Amino acid sequence: MQQWVDSLIAAGAFGHNLPRELIYALFIFVFSAVVFLGVAFPFAGIVSWAERRVWARIQSRVGPNRVGPNGFLQWLADGVKNVCKEDLVPAEADERLFKLAPYLVVIAFVMPWAVMPFSSDLILADLNVGILYMTSVTALTVVGMLMAGWASNDKWSLIGGIRSAAQIVSYEIPAGLAIFPVVLITGTLSMQGIIRAQGWAPTQWFAFTNPFTFIAANILFMSALAEGNRTPFDLPEAESELVAGFATEYSGMRYLFFFMAEWGNLFIIGAIITALFLGGWQFPHVTDDRIVMNVLQLITFNVKVLFLVFVSMWIRATLPRVRIDQLMSLCWKFFVPISFVNLIGTAIWVAIWPQGNPVGGYVMVALFTALMILFVRRVIYYFRRSKMELYLSPII
Amino acid sequence: MGDVGSYFSDIKEAVTSIFEGMAVTASHFMRKPYTVQYPDRMPVRVQDTLPFRYRGILEVDMEICTGCLACERACPIDCIVIAVEKDKQTKQMLISQFDIDIAKCMYCGLCSEPCPTGSIHHTTEFEGADFSLESLMRRFIQDPVVAYKAKKGPETDPRIMPVLNRGMRYVDEWAQAGGEKPAAEEESA
């Protein structure tokens, strides 16, 4: 991206008097605005609609289907409704912090998009510490949530904020440890470097390199769900106990910001897993045309990410919320030790086969396929047991 | 089984139960939702699916109203207002007003029971939402109507036929094999 701007400057697109830094700053603002308004914001909205439709089907309901074709514009209606609502600040609240908190949460949601590897060329900044940057800025959410919980001056909000802090800080550890096996194999932290070390075929993906990375991928996904406050780890906003947790006192636009960040974070969760373990944008080299290849890579990346987003919706509709002590014991007694075992196992694996073991990938893919066949058989078993007629159309 | 054993059996139990749970919810993607999309996406109108004795909004058939005021007297909340006067020249009973305030009506059905001809009866209509209370006042008479006088003799007046048919349908519906018996047979008799 920087090269492209440099070439534009060299071609004299902005005259010769403007300082280079000003043009860079201008491009940063323009691209941030494009990413935020053109990708992140609509994505968060559409996910809110898609999620409600997915839950509805799982619960034998229909879901929102009135606004626009199949309710597709429901997110716009909800957004307009929330923007039009009164922006209420409780009398006893710490007003400045209360007003600041939602923006911090949104900032933590927007910042990871800078290193989002959409395709081989389409990335705003390929930092050499890309994945480290990604995990650290997503964890900034905790500042906003704790601030919201404290500033609301409300017991529910405070408990929600404290829970969120405990949860996000704890789950950073297994998430970080689950990233290490990949870093061990590739020897780089750059998003593009990690993706380039994988191939388009599932056998070349890091999720199926060896058993340890497969477990690491699952642990990273679950830890990311916990960091994104998703069910079964949505304790900070547990409706049945805390009304809406840290967002209890919020209304209108500010409330919307919290939930936009939550839904938008789904994409970031999916993107981290996709880039690290599922081959990222890798697509077979079918043409030499750079633009066509980039478009194909963009589609590949988004399909993988959206599949993971769908899986997280599906998990949310399936699993009940865990208790706070179960949440902590899951993290410290299970995820952290298993992550260490993964790390050591991968280290031994890399020491034995420094260039990678080609057979390992095939064995892992075969085992995973067997697992999926078993899963499909269970699904068919449960469907037959329900004695209902087949209805596959997503539209009703 | 020691502590180590239970540690691993916990992991196994968690993984297998999540696996099974995901399979159960995945099977729901292949089922049809139960939701009835009232009111606009229905195969048939709800009114047509309601049982025959459903107590919906009241309706009066002015053709066969005798002007006996039985319903007005039966109404416990006085939502029926009837005005009957006698025409001096023709010596006929004239009904000049028959109003039912649906906003007050509590659908108890006490008015339709004493009616000698079945003129006042419930329909299966229930959607009474409106923008003003005034439009909930059902006025069944524009110009004064001559009250119906029951004929003597065995022949049935064709104007009462619909009411009788309605009653026969009631009998048919409940008298079918496997159908429930009406609970309040004596009351209506």
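1. Ground rules. The model is predicted: local features need pLDDT of at least 70, side-chain atom pairs count only at pLDDT 80 or more, and totals for chains, interfaces and linings use all residues. Residues are numbered from 1 along each chain as its sequence is written, while chains are lettered from A and ligands numbered from 1 in the order in which they are written.

2. Where the chains meet. Two residues are in contact if their C-beta atoms, placed from the backbone, lie within 7 Å. Helices (H or I, at least four residues) and strands (E, at least two) are DSSP runs, numbered from the N terminus. Ala, Val, Leu, Ile, Met, Phe, Trp, Tyr, Cys and Pro count as nonpolar; Asp, Glu, Lys and Arg count as charged; the others, Gly among them, count as polar.

3. Across the boundary, 17 residues of domain 1 of chain A are in contact with 18 residues of domain 2 of chain A. Helix 2 and helix 3 (74-84) of chain A each supply at least two residues of the domain 1 side. Helix 2 of chain A gives the most, with 13 residues. The domain 1 side divides into 13 nonpolar, three polar and one charged.

4. Helix 7 with helix 13. In chain A, the axes of helix 7 (residues 155-186) and helix 13 (residues 324-352) come within 8 Å and cross at roughly 10°. Axes are lines fitted to C-alpha atoms, for helices over the stretch in contact, and angles run from 0 to 180 degrees between N-to-C directions. These two helices of chain A are therefore roughly parallel to each other. The cut-offs are these: under 35 degrees is roughly parallel, over 145 roughly antiparallel, 65 to 115 roughly perpendicular, and the rest oblique. Helix 7 of chain A passes helix 13 of chain A in a left-handed crossing. A crossing is left-handed if the near helix is turned anticlockwise from the far one by less than a right angle, and right-handed if clockwise. The residues of this contact divide into 20 nonpolar, five polar and one charged.

5. Helix 4 with helix 11. Also in chain A, the axes of helix 4 (residues 95-110) and helix 11 (residues 252-277) come within 9 Å and cross at roughly 20°. That makes helix 4 of chain A roughly parallel to helix 11 of chain A. The crossing is left-handed. Helix 4 of chain A brings Pro102(A), Val105(A), Val106(A) and Phe109(A) to the contact. Among the residues they meet in helix 11 of chain A are Phe257(A), Phe258(A) and Met260(A). The contact divides into eight nonpolar, two polar and one charged.

6. Strands in chain B. Two strands pair if DSSP finds at least two bridges between them. Strand 2 (residues 80-86) and strand 3 (residues 93-101) of chain B pair in the antiparallel sense over seven bridges. Ala83(B) stands opposite Gln97(B), and Val81(B) stands opposite Asp99(B). Their hairpin has six residues between the strands, and Lys91(B) takes a positive phi near 60° there. Strand 3 of chain B also pairs antiparallel with strand 5 (residues 137-139) over three bridges; Asp101(B) stands opposite Met137(B). With strand 6 (residues 145-146) of chain B, strand 3 pairs antiparallel over two bridges; Ile95(B) stands opposite Val145(B).

7. Backbone points to check. Most residues other than glycine have a negative phi, and most peptide bonds are trans. Asn229(A) is not a glycine, yet has a positive phi of about 55°. Asn229(A) sits in the loop between helix 9 (211-227) and helix 10 (239-242) of chain A. In chain B, the peptide bond from Tyr38(B) to Pro39(B) is cis, with omega near 0°. Pro39(B) lies in the loop between helix 1 (3-28) and helix 2 (46-49) of chain B.
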